[in-house]
Amino acid sequence: MSKPEPKKIKVGLALSGGSALGIAHIGVLQSLEDHKIQIDCLAGTSSGAIVAACYAFGVPLNKITAIAGRLKWSSFSRLSLSVMGLMNNSIIGETLIELIGRGPDVLIEDSPIPLAIVATDISSGKRVVFTKGNLAQAVMASSCIPGLFIPVEIDGKKFIDGAFVENLPIFALAELGADIQIGVTLRHFHPYVDPQNVIDIFYNAMEILTEKQYTLIEKEGLGLLIKPHLENYGSSDFKKADGLIAEGYRAATLEIPEIRDLLNSKETLSFWPSLLQHLGLFSLKNKK
C-alpha cells in the first residue's frame with residue numbers, strides 16, 4: 001500500500017494599497033521567490049492590486065521593477081474634468097495591459113495564479129471582490145481615488161478605491177481558499193503626515209479608516225503580516241523605488257521562518273486525516 005500524499009497547502013498573499021509605497025510589494029515577492037515560498041493565490045487592493053495582477057499573470061519582477069522606477073503621478077492619470085472627478089485613471093489599465101501583453105480583453109479568471117481584486121461600490125458602500133471579468137477595469141476600479149479620479153463604471157455600477165472596504169484583502173484570500181494567509185501592510189510603521197496635497201489627505205484618511213482592520217487581523221490571528229519599515233517614505237516617493245523594494249525584501253525575509261513553520265504545521269495536520277482515510281479508518285465525508 002503506497003503512502004498517501006498530504007494535501008497541498010494553499011498559500012495566499014494579500015497586497016495592500018498605499019500609492020508609491022506599493023512598490024515595496026515587489027521586494028516582498030522577490031524575497032518569497034528567493035526563499036522558494038510558492039504563492040498559490042493573490043488578492044490586491046489599489047496599488048497592491050496592480051502588483052498582484054502583474055505577478056498573477058507572470059510578469060517578471062525585474063520588468064515590474066523597471067516600470068516602477070519610472071513612475072510618477074502623471075503615469076496614472078489624464079485630465080478629464082467631470083462633476084465626478086478631475087481626472088480618469090485609464091492609464092493604469094493601459095499600462096497593465098502593456099505589461100501583461102495579452103490585449104485589452106484579458107480576464108481575471110485567465111490568470112495562472114488565482115487572483116482577487118477588491119473595490120468599493122460607491123453607490124451602495126459595499127465591498128466587491130472581482131475574481132472574474134475584465135482585468136484592467138477591475139484594477140482601475142480598485143485604485144480609483146475618489147474626488148481625484150472619476151469612478152470606474154463596470155456593468156452599470158460605479159466603483160472607487162478598495163481601501164475604503166478592505167485595504168489589506170486578507171478576507172479575499174480566505175474566499176480564494178487559502179490555507180495560509182499572508183498580508184503585506186505598508187503603513188504599520190508609517191506615521192501620519194502634515195498634509196501637503198490631496199494625496200496626503202486621502203492617505204491620512206485611509207490610515208484612520210484601516211487601523212482597526214489591522215488590529216483585528218493581528219488580535220484574531222487571521223493572517224501573518226509582513227510589515228516593511230516605510231516610515232521614511234511618502235505616498236508620492238516613486239523616485240525612491242530601490243529603497244522601497246529593499247525594505248519590502250527585508251521585511252519579508254524576516255518572516256520566512258514563521259512562514260515555513262506555518263507550512264510545516266499545516267502539512268502535518270493535513271497528513272493524518274489523509275493517512276487514516278487511506279487506511280479506511282476515517283472518512284472525510286459526513287455519514288448520515
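1. Basis. The model is predicted, so local features need pLDDT of at least 70 and side-chain atom pairs count only at pLDDT 80 or more, while totals for chains, interfaces and linings use all residues. Residues are numbered from 1 along each chain as its sequence is written, and side-chain values use heavy atoms, with hydrogens and water left out.

2. Helices α1 and α3. Helix α1 covers residues 24-34 and helix α3 residues 61-68; their axes come within 10 Å and cross at roughly 160°. That makes α1 roughly antiparallel to α3 (an angle over 145 degrees). The axes are lines fitted to C-alpha atoms over the stretch in contact, with angles from 0 to 180 degrees between N-to-C directions. Helices are DSSP runs of H or I of at least four residues, numbered from the N terminus.

3. The contact. From α1 come I26, L29, Q30 and E33, and from α3 come L61, I64, T65 and A68; contact means heavy atoms within 4.5 Å. Five of the residues in this contact are nonpolar, two polar and one charged. Here Ala, Val, Leu, Ile, Met, Phe, Trp, Tyr, Cys and Pro count as nonpolar, Asp, Glu, Lys and Arg as charged, and the others, Gly among them, as polar.

4. Helix α2. In this helix (residues 47-56), nine of the ten residues are buried, meaning under 20% relative accessible area with a 1.4 Å probe, protein chains only. Among them are S47, G48, V51 and Y55. Just after α2, G58 has a positive phi of about 80°.

5. Cysteines. C54 counts as buried at 2% relative accessibility, and C144 is buried at 0%. The structure holds zero disulfides (pairs of cysteine sulfur atoms within 2.5 Å).

Terms used
Helices (H or I, at least four residues) and strands (E, at least two) are DSSP runs, numbered from the N terminus. Angles under 35 degrees count as roughly parallel, over 145 as roughly antiparallel, 65 to 115 as roughly perpendicular and the rest as oblique. Buried means under 20% relative accessible area, exposed over 50%, partly exposed in between (1.4 Å probe, protein chains only).
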